[in-house]
Amino acid sequence: MDLHNLAKKENKITSGHRLCSGCGAGIVINQTMLAAEDENVVVINATGCVEVTTTIYPNTAWNIPWIHCALENSASTAAGVETAYKALKKKGKIKDNIKFIVFSGDGGTYDIGLQALSGMLERGHNILYICYNNEANMNTGYQRSGATPLHAETTTRPWGKNIHGNPTKRKNLTKIIEAHGIPFVAQAATAYHLDFMQKVKLGLATEGPAFIDVLSTCRLGWGHPSNMACQLSKLAVETCYWPIYEIRNGRLRLNYRPKEPKPLEDFIQFQKRFEHLLLPENKKELEDLKRMVSDEWQALVKREDCDRVCMKFSKGY
Amino acid sequence: MKRLALTGNEAMAYAMKQSKPDVFCGYPITPTTDILVTLAKYIANGELDCEFVTAESEHSVASILYGASSAGARCFTCTASQGLALMHEVLHIISGARLPIIIGSSSRSLSSPINVHGDHADFMDMRDTSFIQIFSENAQDSYDNFLQGVRIAEEARLPAIISSDGFITSHNLEAVEVLKDEIAYKFIGDYKTPFSILDIKNPITINPLSLPNSFMEIKKSQADAMRQAKKVIPKVALEYEKISGRQYGFFREYCLDDAKVAIVVLGSTAETAQLVIDELRNKGIKAGILALRVFRPFPAKEIMAALSNCKVVCILDRADAYSSLGGPLFVEVASALYKSKSRPILLSRIYGLGGREIDEEMIKNIFEEIIKINKGQKLNEFGYIGLKK
């Protein structure tokens, strides 16, 4: 997976779509499709930015089969396509080997689509579900979701005199997904493209459901300069704001473990959604967010260490 | 032809088995659960080769079938009431994408208050979803209508719902004549899809974003499909008559030819009313019944022709539309008769909500009212049957 060679490949999604300049979701799709270049792929897309910008009738940016149903049911729509594939393959009506990839934003995954996703995982459909997570409902104009971090500003939780942005911590979805006992769960960031693409390949090779939560920068919702998508993705990992890791067969591995995490300010200073946190009067809120990030990170470090020790002493783990 | 003792639900499950679906997906709900568990048994015993998905909700059932049908699979489910209401969003998406998914149902009331018994609230709730809607009077109808429904839906390329009265038909054991498996399947035939999301060599984009410059034409073609379905239904009925000997139209007429007073009714109540008609006819009263079978597409012209010689017609609704305009069936029949030169006087009566009993006595009372109106007496246009004081 050499980047120079990959860049020359004909991709399964073409240019000319209407995603914003500097959109993280476009990078997610592009890298996923490059990682899946050797496979026959059907894409199932939830309602959201990617759906509305890539398929404006009568045009389509997809030169592979693509299907959309609604916001909350991409997992069950995919389950249906995959079930029909099984049925028709068994009856000899389909010869090709086909893989199924879902793209859904955090709104369609963490919140309204969680039930359908849980059902799909529990039933064990052979699907790679990728959540392009920009930490709010961006397509409708930056309303908070269950993935929105503490004190980030959104249009449904604006920064006001009485309420200081989002009042709650973000949901730890990866942990919820892991609890389903599926073979492959991961978090990724597009700045670590080889890591993310390797995860896509692993997810596609997995028998049964696989899930990747990939941080996807949003120029408009986060309020950052359009040339900063990759830099912010990198800073999110370096500050431990968005740790990248994978859980395979019950064992958690951090894919990047900085000796000394960069200060969180390095990540938030370029984003309008966090601008209030840098004012001296909002020091407490900044500290709260830092604590959220640190608590989440420490829990992961502890878990990785614990899993490593367990592996050493128990063959069966 | 074999005669089996089957409930309405079992009769429908039997027709489903003979139609050989590729994918069946369901979620339990009273009073249709028996269809689901009967199918599960067929599959477990190897009587039916079909992928069976037990979804976590009806919303997902509809979504799974949407995905599976887009892949060219023949897809069935069963549901009613809250389950059908939970599917509602996806029902529109299914019909918009022109996917011939077929729902076997036994109609039940809608909450609140919660009530598990039969009425037509769920069936009427999906009036505008662009599903072909067929209602059965008894278990035999359930079987026959389902088989025909598969053919109609797949030829018209619209989804369909085949329903009957919850509990009254769904749970009553009746003698049902079933076709031999080979004859039934020869009638149904293999499902041929015009497109598939699994066609890797000819990739397509399904359910894209359509803006104001394209949306109306797509929706108009969907309305055309429903108009086209009206031509498909009698054609399929004729073919079915040839193999079964049973005749089906948009509706069934009972003593309607020369009737001066009549009722319009959907479902099992038609059979109860028949006994009343026999009694009235013995007394020399020209009474009749129009028992509607096909609700969507609505056979307006045919209804107008059938009722135009009547003086007074009462439309019985087992659901309310809460529009202050009478029951939903009443409104449709009234608009069907608008162009009639000899419009009968129309009455709307709502009955049987939440499984409230309807018997011959009540229907006799209705005819007494109708006859009084025919003699010039003024009575309320809107009313209820069997309402406690």
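## Parallel pairing in chain B

In this predicted model, strand β11 (residues 261–266) of chain B is joined by six bridges to strand β12 (residues 287–292) of chain B, and the two run parallel. Within this pairing, I263(B) stands opposite I289(B) in β12(B).

## The six-stranded sheet

Both strands belong to an open sheet of six strands in chain B, with mixed pairing and the order β10-β12-β11-β14-β15-β16. The edges are formed by β10 (251–254) and β16 (382–384) of chain B; each has a single partner strand, so one side of each is left without a neighbour in the sheet. From one strand to the next, the twist averages 20°.

Two helices of chain B lie across strands of this sheet. Helix α9 (residues 269–282) of chain B lies across β10, β11, β12 and β14 (312–317) of chain B, and runs at about 165° to β12(B). Helix α11 (residues 328–336) of chain B lies across β11, β14 and β15 (345–350) of chain B, at about 145° to β14(B).

## Contact between the chains

Across the interface, 39 residues of chain A are in contact with 36 residues of chain B. On the chain B side, β3 (51–54), α3 (58–70), α4 (81–96) and β9 (205–206) each supply at least two residues. The largest share, nine residues, comes from α3(B). By residue class, the side of chain B that touches chain A divides into 20 nonpolar, 11 polar and five charged residues.

Strand pairing also links the chains: strand β2 (residues 66–68) of chain A is joined to β9(B) by two bridges, and these strands run parallel. Here I67(A) stands opposite I206(B) in β9(B).

How values were computed:
Residues are numbered from 1 along each chain as its sequence is written. Chains are lettered from A and ligands numbered from 1 in the order in which they are written. This is a predicted model: local features need pLDDT of at least 70, side-chain atom pairs count only at pLDDT 80 or more; totals for chains, interfaces and linings use all residues. Two residues are in contact if their C-beta atoms, placed from the backbone, lie within 7 Å. Helices (H or I, at least four residues) and strands (E, at least two) are DSSP runs, numbered from the N terminus. Ala, Val, Leu, Ile, Met, Phe, Trp, Tyr, Cys and Pro count as nonpolar, Asp, Glu, Lys and Arg as charged, and the others, Gly among them, as polar. Two strands pair if DSSP finds at least two bridges between them. Axes are lines fitted to C-alpha atoms, for helices over the stretch in contact, and angles run from 0 to 180 degrees between N-to-C directions.
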